[in-house]
Amino acid sequence: MLDQLYAPLQRELSEVERYIALFTQSDFPLLEHVGKHLFGRKGKQLRPLLLLHTHSLFHTDIADEALRCAALIEILHTSSLVHDDVVDEADRRRGQASARALLGNRTAVLSGDYLISNAFIRTFHEVPASPLILSMLDIIRTMCEGELLQLQYTAHPDMDEAVYERIIAGKTAALFGQCGYCGALTAGATAAQARLARQIGEAAGMAFQIKDDLLDIHTESEAEEGKTAGNDLKEGKLTLPTLYYLRTLDAAARQAFFDWLQRPTQWLPGELESRLAAIRDSGAEAYCRQRMAEYARQAQQAFERLERPGEHYADLLNLICC
């Protein structure tokens with residue numbers, strides 16, 4: 001499916017890569033090294049794909065401003081992961097050393113800040129009055145709010161599904177929504193159409209994050225996705241699978257779980273694996289997939305309300321959501 005989604009946009013995606021390289025260039029050797037480390041390996045490019053395919057719903061020729069926005073969003077996403085790794089004290093990121101592991105926390109944070117600010121300047125230097133600037137800045141604020149909320153509720157007994165939804169809406173879904181919004185707006189869509197495109201991206205982003213959180217409870221994810229199983233629990237993150245599992249426990253078992261969660265340095269060999277198995281056996285996966293399907297339906301329904309023909313758009317939403 002990915003090949004079918006990439007094929008009509010190969011030239012444009014190459015241009016996005018060129019802009020990423022341009023926007024992360026620096027005369028400072030350390031920052032040049034950071035940029036190459038972070039962007040040397042291409043991922044699935046889901047966010048640029050969503051932005052560009054949304055743009056194609058309204059205009060067949062992709063505007064240069066859309067390419068710049070796609071590059072900026074990819075830089076913003078990657079830089080946010082640098083900050084996440086510092087907060088989570090993570091030494092690996094998708095199978096390779098994290099920036100903090102290579103550079104230390106302070107250098108990693110400053111490098112991430114530099115990449116974001118430099119990309120903003122280079123993206124909008126020719127269009128200083130663009131309404132996209134404020135929307136991009138608002139997304140950064142929203143992502144920070146999501147991260148701060150997650151920190152507030154790390155290993156916290158009061159964490160619940162409503163808080164979880166607020167966290168992932170800020171940390172993940174907002175940026176997917178911005179892809180839809182930018183894609184539509186740079187193609188000349190109306191304000192109402194751009195808002196609807198944002199809703200599509202946000203709903204898809206919610207499903208995407210739940211899917212990613214499910215990967216964390218499966219050991220096979222380490223080989224398939226480069227994500228170490230159990231990292232969320234190690235970091236005290238209470239994601240949807242764990243929250244569902246907690247609902248199946250009585251008060252004493254729930255208290256015992258939080259006592260265990262709050263002392264990860266004292267975990268015995270095999271304890272984490274046992275907890276992951278208990279979460280899987282609780283019915284959490286079926287529940288999470290039900291919630292993913294609900295968000296996927298919301299994205300599809302918003303797409304139908306947009307009333308724009310899109311040959312590959314439904315496939316893209318299916319890839320993100322499922």
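Analyst: Start with Gln45, which sits in the loop between α3 (29-39) and α4 (46-58). One thing to keep in mind throughout is that this is a predicted model. The phi of Gln45 is near 60°, a positive value in a residue that isn't glycine. Most residues other than glycine have a negative phi. Gln45 also counts as buried, because its relative accessibility is 10% and the cut-off for buried is under 20%.

The axes of α7 (residues 105-124) and α8 (residues 132-152) come within 11 Å and cross at roughly 165°. That angle makes α7 roughly antiparallel to α8. On the α7 side, the contact is made by Ile116, Phe120 and Phe124, while α8 brings Leu132, Ile133, Met136, Leu137 and Ile140. The crossing is right-handed.

The largest nonpolar core has 100 residues, and Leu51, Leu233, Phe257 and Leu261 touch the most other members. Helix α9 (residues 161-185) gives the most to this core, with 12 residues. In soluble globular proteins, nonpolar side chains tend to be buried together.

Leaving aside neighbours within four places in sequence, Leu233 is in contact with Asp216, Thr242, Phe257, Trp260, Leu261, Trp267, Leu272, Arg275, Leu276 and Ile279.

Take Thr242 first, which belongs to helix α13. Thr242 counts as buried at 3% relative accessibility. With neighbours within four places in sequence set aside, Thr242 is in contact with Leu233, Phe257 and Ile279. The rest of α13 is mostly covered as well: six of its eight residues are buried, namely Leu240, Pro241, Thr242, Leu243, Tyr245 and Leu246. Those buried residues pack against α9, α10 (191-215), α12, α14, α15 and α16.

Now for α15 (residues 271-281), where Leu272, Arg275, Leu276 and Ile279 are buried. They cover an arc of only 100° around the axis, so they end up on the same side of α15. Leu233 is in contact with each of Leu272, Arg275, Leu276 and Ile279, and Thr242 reaches Ile279. What covers the buried residues of α15 includes α12 (231-234), α13 (240-247), α14 (251-261) and α16 (284-306). After α15 comes Gly283, with a positive phi near 95°.

Stepping back to the whole chain, there are 17 helices and two strands. Of the 322 residues, 52% count as buried. Among contacts between residues at least 6 apart in sequence, 75% join residues at least 24 apart. The contact between Leu233 and Ile279 is one you can pick out for yourself on screen.

Technical notes:
Residues numbered from 1 in each chain as written. Predicted model: local features only at pLDDT ≥ 70, side-chain atom pairs only at ≥ 80, totals over all residues. Heavy atoms only, no water. Core = buried A, V, L, I, M, F, W, Y, C linked by side-chain atoms within 4.5 Å. Buried < 20%, exposed > 50% of the residue type's maximum accessible area, 1.4 Å probe, protein only. Helix = DSSP H or I, 4+ residues; strand = E, 2+ residues; numbered from the N terminus. Contact = heavy atoms within 4.5 Å. Arc of directions from axis to C-beta. Axes fitted to C-alpha atoms, helices over the stretch in contact; angles between N-to-C directions. Parallel < 35°, antiparallel > 145°, perpendicular 65-115°, else oblique. Left-handed = near helix turned anticlockwise from the far one by under 90°.
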